[in-house]
Amino acid sequence: MEFPSRLIEEAVNEVAKLPGIGKKTALRLVLHLLKRDEEQTQTLADTLVAMRTKVKYCQKCHNLSDNDLCTICANPRRDNSLICVVEDTRDVLAIENTAQYKGLYHVLGGIISPVEGVGPSDLHIESLVQRLGAVDNEQVKEIILALSPTMEGDTTAFYLQKKLRPFKLKISTIARGIPIGGDLEYADEVTLGRSILSRIAYE
Ligand SMILES: [Zn+2]
């Protein structure tokens with residue numbers, strides 16, 4: 001692509017680095033910004049920088065958060081006898097969208113995958129163990145493993161239930177209703193909501 005301006009070329013190259021955006025789409029977005037008020041581009045840039053520099057991870061569950069504790073952990077109306085273990089923040093959003101779950105979460109930050117070189121120590125598993133062992137957390141009664149029904153998800157679930165066994169908690173899984181090999185975030189809300197309500201004991 002030949003550009004009439006080096007500044008436009010640089011902007012297009014940066015936007016095209018985002019996933020799912022090719023050079024053509026990037027050019028369309030850049031030209032769109034050029035047509036709009038300068039202020040709008042400034043707001044977009046400021047918002048992105050603020051998001052990137054200020055967003056934190058919840059100290060308790062590792063969900064994305066603006067504060068030390070995320071809005072879910074900080075909400076006294078959530079049921080703190082339940083912890084739902086998920087791969088990443090997108091799964092928290094998907095489950096929250098079902099409006100069927102009122103417990104807490106624990107975000108692993110990935111999934112065990114020998115192929116991609118991700119082992120248990122790369123994930124927030126130790127902090128879950130510590131969380132359960134903390135004196136103020138004696139109220140946790142059930143751990144729900146809400147992991148994708150893939151080989152990696154199964155490996156992670158197996159590892160977790162071995163690791164959590166000493167705590168004598170109820171361990172359940174939401175496998176039912178989610179298509180085998182499917183991704184949790186792509187499951188429709190009704191299916192995902194139902195699979196949380198009708199969870200089954202992990203075997
Ligand atoms: Zn949290």
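In the predicted model, Glu 96 is partly exposed, with a relative accessible area of 27%. The side chain of Glu 96 meets that of Arg 78 in a salt bridge, with a distance of 2.9 Å from N to O. Because Glu 96 lies in helix α4 and Arg 78 in the loop between β2 (64–65) and β3, the pair ties together parts that are 18 residues apart in sequence. Arg 78 counts as buried, at 12% relative accessibility, a value that falls under the 20% limit for this class.

The structure holds 6 salt bridges. Side chains of opposite charge can pair when their charged atoms come close. One of these bridges joins Arg 90 to Asp 88, the closest N and O atoms being 2.8 Å apart. Arg 90 counts as partly exposed, at 46% relative accessibility, whereas Asp 88 is buried, with a relative accessible area of 19%. A further salt bridge links Arg 6 and Glu 10, for which the closest N and O atoms are 2.7 Å apart. Both Arg 6 and Glu 10 belong to helix α1 (residues 6–15), where they are separated by 4 residues, about one turn of the helix. Arg 6 counts as exposed, with 56% relative accessibility, while Glu 10 is partly exposed, with a relative accessible area of 39%.

Attention now turns to the nonpolar residues. The largest nonpolar core comprises 37 residues, of which Ile 95 and Ile 143 touch the most other members. Two or more residues of this core are supplied by each of β3 (79–86), α4 (89–98), β4 (103–107), α5 (126–133), β5 (142–145), α6 (151–164) and α7 (189–197). The largest share, 5 residues, comes from β3. When neighbours within four places in sequence are left aside, Ile 143 is in contact with Ile 83, Val 85, Leu 132, Leu 164, Leu 169, Lys 170, Ile 171 and Ser 172. A second, separate core consists of 6 residues, among them Phe 3, Ile 8, Val 12 and Val 30.

Nonpolar side chains also occur on the surface, where Leu 44, Leu 48, Met 51, Val 55, Tyr 57 and Leu 64 form a patch with about 560 Å² of accessible area together. Helix α3 (residues 38–54) gives the most to this patch, with 3 residues. Leu 44, a patch member, is found in helix α3 and is partly exposed, with a relative accessible area of 42%.

Technical notes: Residues are numbered from 1 along each chain as its sequence is written. This is a predicted model: local features need pLDDT of at least 70, side-chain atom pairs count only at pLDDT 80 or more; totals for chains, interfaces and linings use all residues. Side-chain values use heavy atoms; hydrogens and water are left out. Patches are made of residues with over 30% relative accessible area and no salt bridge: like charges are joined within 9 Å, nonpolar side chains (Val, Leu, Ile, Met, Phe, Trp, Tyr) within 5 Å. Accessible areas come from the Shrake-Rupley method with a 1.4 Å probe; for residues, only the protein chains shown count as cover. A salt bridge is a side-chain nitrogen of Lys or Arg within 4 Å of a carboxyl oxygen of Asp or Glu. Buried means under 20% relative accessible area, exposed over 50%, partly exposed in between (1.4 Å probe, protein chains only). A nonpolar core is a set of buried Ala, Val, Leu, Ile, Met, Phe, Trp, Tyr and Cys residues joined through side-chain atoms within 4.5 Å. Contact means heavy atoms within 4.5 Å.
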